Amino acid sequence: MARLLESLAALKKTIAARGWFRDVRLAYQGFGPLGAHMFAHFLPVSHIVAEYYGEEVRTYLEGEWGATVFSAEKESGVRHNESSLFNRYYYPDHGAEIAASLNRLQGRVCFIPFQTTTGLEEFLFRHGSRYHLLQNSTIVQNYFDYKARLAWSAKEIGIPIPPDSHVTLFGALDYARLADEFECGFVIQVPLSQAGGGTHFVFSRGDFDRIVAENRAALGPFFDKTQVKITPFLSGPSLNCTGCVVNGAVALSPPDIQIVGDPHFVEIPGQYIGSDFALNAFEPEHRKLILDITARVGAWMGARGYRGNFGVDFLSTVDARNRIKEIYVSEVNARIVGESQYMADWQAMADCVPLTFFHLAEWLNIDEVTPAEIAAYNASLPPLAGSALLLYTREKGTFRAAGGVTSGIYRFDGDRLARLRDGYLLSQTGGAEEFVITNGIPWDGLVLGHPRYGDRNVFLCYLLTRESIVQPGNWRLVNERWRRRADLVYKALGLTPCPPRLLPGEKA
């Protein structure tokens with residue numbers, strides 16, 4: 001008897017035959033609109049509310065999909081680094097316009113955000129019970145995102161955390177004592193922070209003083225009493241695995257290598273710049289350990305009320321030959337994670353059911369997705385041939401992209417960047433020699449950077465390839481081949497200094 005989750009092709013036929021999503025009208029909220037594609041495998045996405053925009057959004061999501069896209073960046077013409085502006089102000093400023101558009105839809109209007117925000121929750125409350133939230137509330141999300149909680153519960157869950165990790169107060173931090181205890185550096189994690197933020201690397205007194213000053217200014221009178229988690233800096237690569245709490249079980253993804261802080265690309269040591277699923281070089285015992293830990297964390301979260309997708313980040317140590325030795329849990333991300341968007345496309349390339357289906361199954365109460373089906377799914381995860389590399393501005397200041405680069409399928413002829421055809425997904429490539437430039441590509445008229453809200457390491461776009469992008473002897477770094485290729489894309493983008501632009505309502 002065929003399994004329900006045996007292949008994506010079979011599942012799509014089942015979805016159509018059983019009408020699981022027939023009356024659902026999906027609205028997605030995320031940083032970038034293209035994230036909505038991870039759910040478009042199963043049902044159309046009607047509306048998107050996002051911070052960023054991008055040339056490919058106009059071409060494909062608005063043009064081909066016919067989706068209605070509300071974007072803060074589209075309206076302001078500015079891309080910066082302060083996501084809290086979107087979280088605080090976008091729905092209060094545009095809620096009536098969004099509701100008017102959604103109210104023209106027939107069926108169940110379901111919001112599925114990358115992560116829940118108070119702005120979204122207040123919008124849903126004010127505009128009636130017809131809208132459904134397919135995500136954990138901010139209260140549940142913050143409970144698990146609190147970075148100290150995993151350290152408190154590690155023994156109960158049965159997971160390894162870095163040795164000598166401890167929780168203390170910001171006001172009690174003593175650099176001299178910490179520098180003596182952690183000779184190779186240490187990490188300060190602020191318990192509640194924006195996705196991908198709140199993790200600070202300290203290798204010098206200057207690093208420490210800067211981090212303390214920034215957080216003192218941000219936290220004000222709460223600084224001294226804010227709890228922080230202190231972790232030794234570990235020299236091995238960062239790893240990741242995604243899971244989904246669904247129907248009393250935990251569905252899993254293949255583990256991947258996360259690339260953070262490569263100085264060729266960014267200045268911030270903890271800045272996320274890419275993921276590598278293509279290397280497939282995990283030792284069997286390491287792969288099994290990562291999957292087992294992710295399942296344990298998911299079971300612990302599910303038993304305490306969590307539902308749907310989440311991610312677990314790992315730290316590691318290496319031996320003298322730079323091979324992984326020990327693996328420890330760094331933190332849990334109680335939300336849909338950044339890898340989910342492109343991982344869904346790569347799983348679909350392998351005719352594997354994307355993990356994002358399980359999030360829909362949990363929140364829309366599809367009982368046919370049983371623990372037995374999930375166990376069989378986890379036991380048959382295929383290798384994935386995909387890597388993502390994120391590009392950011394390299395100089396401080398405000399810029400426009402004058403090079404005319406658009407989303408598409410590309411290849412390199414020596415040092416020449418050749419655009420082959422339209423496209424925005426890795427699954428649209430014809431082989432390993434082709435790659436994709438996509439997701440957030442600066443559009444004509446966009447100003448990159450804002451002197452008040454972030455004009456350093458401003459996000460530019462994704463490069464997606466079927467190749468591995470990590471350096472074979474050091475998975476913390478991008479290999480020379482893709483460093484050179486990224487440099488050519490930077491050059492093609494043609495970043496040119498330009499005057500800053502005020503945000504709507506901002507005074508000079």
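Which residue caps the N-terminal end of helix 1? In this predicted model, the cap is Ser-7, with a side-chain oxygen placed 3.0 Å from the backbone nitrogen of Ala-10.

Helix 1 comprises residues 8-18, and its buried residues are Leu-8, Leu-11, Thr-14 and Ile-15. These four lie on the same side of helix 1, because the arc they cover around the axis is only 115°. As a general point, an α-helix has 3.6 residues a turn, so residues three or four places apart point the same way. On the other side of helix 1 we find Lys-13, Ala-16 and Ala-17, which are exposed.

I turn now to the core. The largest nonpolar core has 124 residues, and those with the most contacts inside it are Phe-21, Phe-357, Phe-358, Val-369 and Leu-391. Leaving aside residues up to four places away in sequence, Val-369 touches Leu-4, Leu-5, Val-246, Asn-247, Phe-357, Phe-358, Ala-361 and Ile-374. There is also a second, separate core of 16 residues, including Val-49, Ile-98, Val-109 and Phe-123.

Finally, I come to Asp-292, a residue of helix 11 (residues 284-302). Is Asp-292 partly exposed or buried? Its relative accessibility is 31%, and Asp-292 therefore counts as partly exposed. Between Asp-292 and Glu-362 the separation is 70 residues in sequence and, C-alpha to C-alpha, 21 Å in space.

Notes
Residues numbered from 1 in each chain as written. Predicted model: local features only at pLDDT ≥ 70, side-chain atom pairs only at ≥ 80, totals over all residues. Heavy atoms only, no water. Helix = DSSP H or I, 4+ residues; strand = E, 2+ residues; numbered from the N terminus. Buried < 20%, exposed > 50% of the residue type's maximum accessible area, 1.4 Å probe, protein only. Arc of directions from axis to C-beta. Polar contact = N/O pair within 3.5 Å; in protein donor to acceptor, adjacent residues only side chain to side chain. Core = buried A, V, L, I, M, F, W, Y, C linked by side-chain atoms within 4.5 Å. Contact = heavy atoms within 4.5 Å.
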